[in-house]
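Hello,

Here is the structure I promised to pass on. Please open it first, then read my notes below.

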Amino acid sequence: MNFLHKGLVLFCTALLALSTLLVSGCGQDAQADSRRVIRIGHAQPQNHPEHAAFMAFKEYIESKLGDKYRVEIYPSELLGSQANLVQLTQTGAIDMCIVGNALLSSFSREVDVFNLPYLFASNEVFDAAMDDPNVTEPIFRNTQKAGFKVVSWVNVGTRNFYTVNTPINSPADMKGLKFRVQQSNINVRMMQLLGANATPMSFGEVYTSLQSGVIDGAENNELSLTDNGHGDVCKYYTYDVHQMVLDDVIASNHFLEEVKDNGDLEVFEKGFKLISQVGKEKCLASVREAKEKAETEKGVHFIYPDQRPFVEACQPLYEEVLTQMPSLRPIYDAIQVYNKEYSEKKAKEGGK
């Protein structure tokens, strides 16, 4: 662990200790509460669906095991960026956090398979594949060597491009533009193939970077237009649907071992599933509301391009990744089976 990393962990640990005192109270009240504090961090504001999902988790755990555990949630990058939250979870300074799937590729390259652009034919395919442990478990268990495990996930809609001044109707419109992307080799390569320049940065820096012209656009779901104010600056949103928004809930190995030793893992596993369920339901509803608000109140123009030129431009990326990591081929093939199954089902339904 380098000096800066140590300093960050010490700072956040001190901050967490202080917050615990403020929440619990001082003196006799603090001494009386001997429950294990479960600390969760995330980057979103309190009105975001993922915060609601963690609140549901908190209520469930405390309703079942409230005599043993108290859950504290730290939103809005209070404990740092998503990258910092992963590091804090690794070291056990916090117990859980939720981060974009692309961020985990620096800890386990296998998760990159879920970041491949245009991989899932629809939300239905995405949900079916991610609910299949034969697809997810070989990928998610690989992160344990980094000190944490993916214990749940949230479907937050689709990732699409949005820009300040330039409407994107085809990859040709992206040439030379600078887009913020999550830190991931897959995302950087995707932008290269589409003719744009990738600029990885913390999500908290995106608004000012758009406003100041440091970047020309970004890519995320519709919530970023409203909850994070990006629609105040960006007036064009293009539904190229290059990725599903997969946010991973990770828990430290130490925490998981502790609750297992206490005989409480089964309750927590049900709580992890609740995060996914509540997060998905609230996120997809909020996405619909965000789109309407962005269009009517912020004047954002929504564009529905032909997806095929985008897909064709990114084809080299599939073979590059699968050649580098042949162990991912079975996972990729399994997802293609789901794509075919749901496409055939949709065709039959359309033919009735």
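Start with helix α7 (residues 185-193) and helix α13 (residues 315-324), which pack with their axes 9 Å apart, at an angle of about 145 degrees. Bear in mind that this is a predicted model. The crossing of α7 past α13 is right-handed. On the α7 side, the contact uses I186, R189, M190 and L193. On the α13 side, it uses P316, L317, E320 and V321. Sorted by class, the contact of α7 with α13 has six nonpolar residues, two charged ones and no polar ones.

Why give both an angle and a distance? Two packed helices are described by the angle between their axes and by the distance between those axes.

Next, look at helix α10 (residues 253-261) and helix α11 (residues 265-297). Their axes come within 7 Å and cross at roughly 130 degrees. F255, L256, V259 and K260 in α10 meet L265, F268 and F272 in α11. This contact of α10 with α11 has six nonpolar residues, one charged residue and no polar ones.

Now the cysteines. A disulfide is a covalent bond between the sulfur atoms of two cysteines. How many disulfides are there? The count is zero, with a cut-off of 2.5 Å between sulfur atoms. C283 is in no disulfide, and its nearest cysteine sulfur, in C97, is 16 Å away.

Is C283 buried or exposed? C283 has a relative accessible area of 0%, so it is buried. C314 also counts as buried, because its relative accessibility is 0%. The cut-off for buried is under 20%.

Best wishes

Notes. Residues are numbered from 1 along each chain as its sequence is written. This is a predicted model: local features need pLDDT of at least 70, side-chain atom pairs count only at pLDDT 80 or more; totals for chains, interfaces and linings use all residues. Side-chain values use heavy atoms; hydrogens and water are left out. Axes are lines fitted to C-alpha atoms, for helices over the stretch in contact, and angles run from 0 to 180 degrees between N-to-C directions. Helices (H or I, at least four residues) and strands (E, at least two) are DSSP runs, numbered from the N terminus. Contact means heavy atoms within 4.5 Å. Ala, Val, Leu, Ile, Met, Phe, Trp, Tyr, Cys and Pro count as nonpolar, Asp, Glu, Lys and Arg as charged, and the others, Gly among them, as polar. Buried means under 20% relative accessible area, exposed over 50%, partly exposed in between (1.4 Å probe, protein chains only). A crossing is left-handed if the near helix is turned anticlockwise from the far one by less than a right angle, and right-handed if clockwise.
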